Amino acid sequence: MQIDFLIVGQGLAGSLLGWELCRRGHKILLVDNGKENASQVAAGLINPVTGQRFVKTADVDMLLPLARSYYATLQRFFRQTFFVEKPMLRLLRNEKERQSAEKRLLEAGYRDYLAGISEAEPNVDSPLGLLRQTQTGYLLTVPLLSALKNFFSERNGYLQADIDYADIKLEPELHWRHFRPRRIIFCEGHLARRNPWFNWLPWQPVKGEILTGFSLGEPIGKILNYGHWFIPLPDGYFKTGASFDRDRLDMTVTEPAKAALLRDLHRAYPPSAAARIFRQQAGIRPATQDRQPFIGLHPRYPRLAIFNGFGAKGSLLIPRHCQQFADTLLNDNPLPNHIDIKRHYESHFIA
C-alpha cells in the first residue's frame, strides 16, 4: 500500500506531526505499540521562564502564541479543552533566587511573563516570597492523544503494532510490511536510543515519576513551582512531580521517589498533607545533551527521518517545529541549524 509518511510513535511529537501532515492533505500511517509513553505521563506544563536564573525560553515570544493558537485549533476541531491557562507561583528558596527574581522584574523583555513578587500566599510556606508568573499553563495530553488516535483510526491512519527495525527495508524501495511510504519518520521517544539509524545522536534521557491525588484540604487555584511542581486540577484533583533520575531508566515506580515528592510538596503546601495519592507513574523523557530537539533526515538514508528529543518543553516546542518540519518534508525548506541533526553529522559521518 502506497502512503506518504509512516510515523513511528504516537506521543505528542508523532501525533502533532501526523495531524500537521494530514491537515496538508497527505496520507499518513501512525504506528504505535499501544504502551504508555512519556507524553501520556508528562504534566504538559508550559512555563516560559525557568531555571535558577529565571531565563526565558529561547524564541518564547513567538513559540507561545503559536502553541496557544495551535491548541485552540485542535480544541475547536474536537470540541474539547486541551490547553488550560493558569498562573504560576514560584517559591523563592533562597536570597540568591530572590535577588535574581527582582532583577528580572526590571527587564522589559520579562514584563509579559513576570507579574511581581508576593510576600505571602494563603496555605503556602514561602518565607522569602513568591514570584508571580503569567502566561503559564498545562496541556491535557492524555485526552489530546486519545482524540488524535481516534482521528487517525477513523481514516485508516493508525495501527497498533511493534516495529522490528529488521522489518524495515530500504531497497529496492522503502517499505515495512505491505506499506510503501515516501518516508518513515521516527517519533519514538527514548526508544530511539536503540534505533539503528539514529542511535548515534547524543541522547541524555531522564526518568521522572509523578503522582496524581485528591486533595482533602483547601484548594489552591494556581500552579506551584518549588523545585518540583504542583498542578491543581478540577474537582479537587492534582498532579505533582517530577522526580529526576538519569541512572535507572525503566518504567518502574519507586517508593523513594514518591516519598521525596510528598516531602517537598507538604513542606511547600502544608494542606496537601491531607491528600490521598491514588496513582504513581514513571516515564522517560527523550532529553538531549545540547537540550535541543533532534529533527531532520538521515545523512545516508534521507528517506528516514527523526522528529524527537523535545525533553520537558514538548508542549511548547512541538507545534512550531512540526510546522517547520512539514515544510522541510514537503517543500525542502531548510531547518534552523540549532534543531537540525546536521549539527551532529561531522562527529559521526565522513563525507
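Visitor: At about what angle to β6 does helix α3 run?

Guide: Helix α3 covers residues 60–78 and lies across β3, β6 and β10, where helices (H or I, at least four residues) and strands (E, at least two) are DSSP runs numbered from the N terminus. This is a predicted model, in which local features need pLDDT of at least 70, side-chain atom pairs count only at pLDDT 80 or more, and totals for chains, interfaces and linings use all residues. Residues are numbered from 1 along each chain as its sequence is written, and side-chain values use heavy atoms, without hydrogens or water. With axes fitted to C-alpha atoms, for helices over the stretch in contact (heavy atoms within 4.5 Å), and angles running from 0 to 180 degrees between N-to-C directions, helix α3 runs to β6 at about 130°.

Visitor: Which strands stand at the edges of the open sheet?

Guide: The sheet has three strands in the order β3-β10-β6, with antiparallel pairing (at least two DSSP bridges between two strands). Three bridges join β6 to β10, residues 137–139, and Glu85 has Gly137 as its bridge partner in β10. One side of each edge strand is left without a neighbour in the sheet, because each has a single partner strand, and these are β3 (45–46) and β6 (83–85).
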